[in-house]
Amino acid sequence: MNKELEHNFVELLEKHQNIVHKVCRLYTYDYDAHNDLFQEITIQLWKAYPKFRGDSKFSTWMYRVGLNTAITLYRKSKRRVNTQDFSDVQFKISAEEYDDTEEQQLKLLYNAVRQLNDIEKALVFLYLEDKNYREISETMGISEVNARVKMNRVKTKLRTILNP
Amino acid sequence: MDELEILKKDWQKEDNTFPKLTYNEIYKMILKKSSSIVKWIFIISILEFVLWAVISFALKDADYNQRFKEYNAENIMIPFIILGYVIIAYFLYRFFMNYRTISVTDNAKVLMENILKTRRTVKYYVAVNLGVMIVSAILVLGIQFNRDEQIISVIEKASANGELFKFYAVTIIITLLVLAALIGVMLLFYYLIYGILLKRLNKNYRELKKLEV
């Protein structure tokens, strides 16, 4: 029974692992920290998995556990090196390979998102994942109206960071 | 076009730029131990419970306490000891109940609230213990002044020399200093451990609360 549970879980996570990678990308800046957070989210998902009921989608359930781990539970480990652009090298092809303005703009955008605080990043994450305001409000524990207001403020903040 | 829309388009298409972990790699991960702050809070809280229990047991067996029997002060001290056990039992119960409600599948705000609540239980426990300690220090001092023969003879000598006030002042000041030092150490401990551990959580919780105003 337990083996079966393990097997199902690992298979599901293997399939949906990009969600976890995306959370890690927003909240960490280097390869080690990325792996560290990925590890912690995996443990939290696994610990919570026996209570996972099929009535919510596995991916939706993952958003919640992933973000909660990143925002609240994760303790940054000491060995972490704080190099801002490291993950650009790791996970994105470096900027020199692009000349066109859209790629430049994207790079700037990703850097701008990195400058947001933890809660703002969570909102952006859910927004980028195409979640509606009801889902955003349910995940964060704030009202739908406040989620909408905050999202607008985040957009303004991003604009200010991009065009100081 | 909205900046976030540009980002969204890219975000949703670039699924292949992440390292792809294999089944076995993920399997190995679920066997590892968590290092989340909840686990740390749990460990530190249990240590605090143990520490205070050890302190009270150690005091109970100390020679110092044996001397206490000679004072015939059981009627004061026994209720105090029972009170100590009741306090430990009550707070341990509260702590475990709160701890059990912490669930990573709650929404972000509820999760933070539950962690802070668990933390607060232990904080109250320590505060109550400090309170009990201060009250018992005063009580002990009072009993000793009245019933300890050694001290009574010192008091009599001091009073014969006209230094009674000095004697009381010195004793009380020393007691206060020891208590203050103890509280100072506790506060420093709290400031360091929880300041570091909960800094981020508190910040994020405030940020979420701010949205409600």
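The model is predicted, and every value here was computed from its atoms.

Chain A comes first. Its secondary structure amounts to eight helices and zero strands, giving the pattern α-α-α-α-α-α-α-α along the sequence. Of its 164 residues, 37% count as buried. When contacts between residues at least 6 apart in sequence are considered, 68% of those in chain A join residues at least 24 apart. The chain is divided into domain 1, residues 1-89, and domain 2, residues 98-164. The two domains meet through eight residues of domain 1 and nine residues of domain 2. On the domain 1 side, helix H1 (2-27) and helix H3 (58-73) of chain A each supply at least two residues. The largest share of that side, four residues, comes from H3(A). By class, the domain 1 side that touches domain 2 has six nonpolar residues, no polar ones and two charged ones.

With 18 residues, H2(A) reaches 26 Å from its first C-alpha to its last, close to the 26 Å expected at 1.5 Å a residue. H2(A) is largely enclosed by the rest of the structure, because 13 of its 18 residues are buried.

Lys22(A) is found in helix H1 of chain A. This lysine counts as buried because 21 other C-beta atoms lie within 10 Å, where the cut-off for burial is 20 or more. Lys22(A) also illustrates how the chain brings separated positions together: Phe125(A) is 103 residues away in sequence, and the two C-alpha atoms are 8.2 Å apart in space. Asp130(A), in turn, sits in the loop between helix H6 (118-128) and helix H7 (133-140) of chain A. Asp130(A) is exposed, with 10 other C-beta atoms within 10 Å. Its phi is near 70°, a positive value in a residue other than glycine. Most residues other than glycine have a negative phi.

Chain B is again described by helices: there are eight of them and zero strands, and the pattern read along the sequence is α-α-α-α-α-α-α-α. Its overall dimensions deserve attention. A compact globule of 213 residues would have a radius of gyration near 17 Å, but chain B has 27 Å. Along the principal axes, the C-alpha atoms of chain B fill a box of roughly 95 × 40 × 30 Å. Of the 213 residues of chain B, 15% count as buried. Among its contacts between residues at least 6 apart in sequence, 69% join residues at least 24 apart.

Helix H6 of chain B can be checked in the manner used above. At 1.5 Å a residue, its 40 residues should span 58 Å, and the end C-alpha atoms of H6(B) are 58 Å apart, which agrees. The buried residues of H6(B) include Ala108(B), Lys109(B), Leu111(B), Met112(B), Ile115(B), Thr118(B) and Arg119(B). Thr121(B), Val122(B), Tyr125(B), Asn129(B) and Val140(B) in H6(B) are buried too.

The contact between the chains takes 38 residues from chain B and 47 residues from chain A. On the chain B side, the elements that give two or more residues are helices H1 (3-13), H2 (23-30), H3 (37-61), H6 (108-147) and H8 (164-210) of chain B. H1(B) provides the largest share of that side, seven residues. Sorted by class, the chain B side has 23 nonpolar, seven polar and eight charged residues.

The largest nonpolar core has 51 residues. Those with the most contacts inside this core are Val23(A), Leu37(A), Leu67(A), Ala122(A), Leu123(A) and Ala108(B). Domain 1 and domain 2 of chain A both give residues to this core, so it lies between them. Ala108(B) shows in detail how chain B takes part. Leaving aside residues up to four places away in sequence, Ala108(B) touches Leu67(A), Asn68(A), Ile71(A), Thr72(A), Ala122(A), Thr139(A), Met140(A) and Gly141(A), along with Leu208(B) from its own chain.

Key:
Residues numbered from 1 in each chain as written. Chains lettered and ligands numbered in written order. Predicted model: local features only at pLDDT ≥ 70, side-chain atom pairs only at ≥ 80, totals over all residues. Contact = placed C-beta atoms within 7 Å. Nonpolar A, V, L, I, M, F, W, Y, C, P; charged D, E, K, R; others polar. Expected span 1.5 Å × (residues − 1). Buried ≥ 20, exposed ≤ 12 C-beta atoms within 10 Å, placed from the backbone. Core = buried A, V, L, I, M, F, W, Y, C linked by C-beta atoms within 7 Å. Domains from an automatic or database assignment. Rg over C-alpha atoms; globule rule 2.2 N^0.38 Å.
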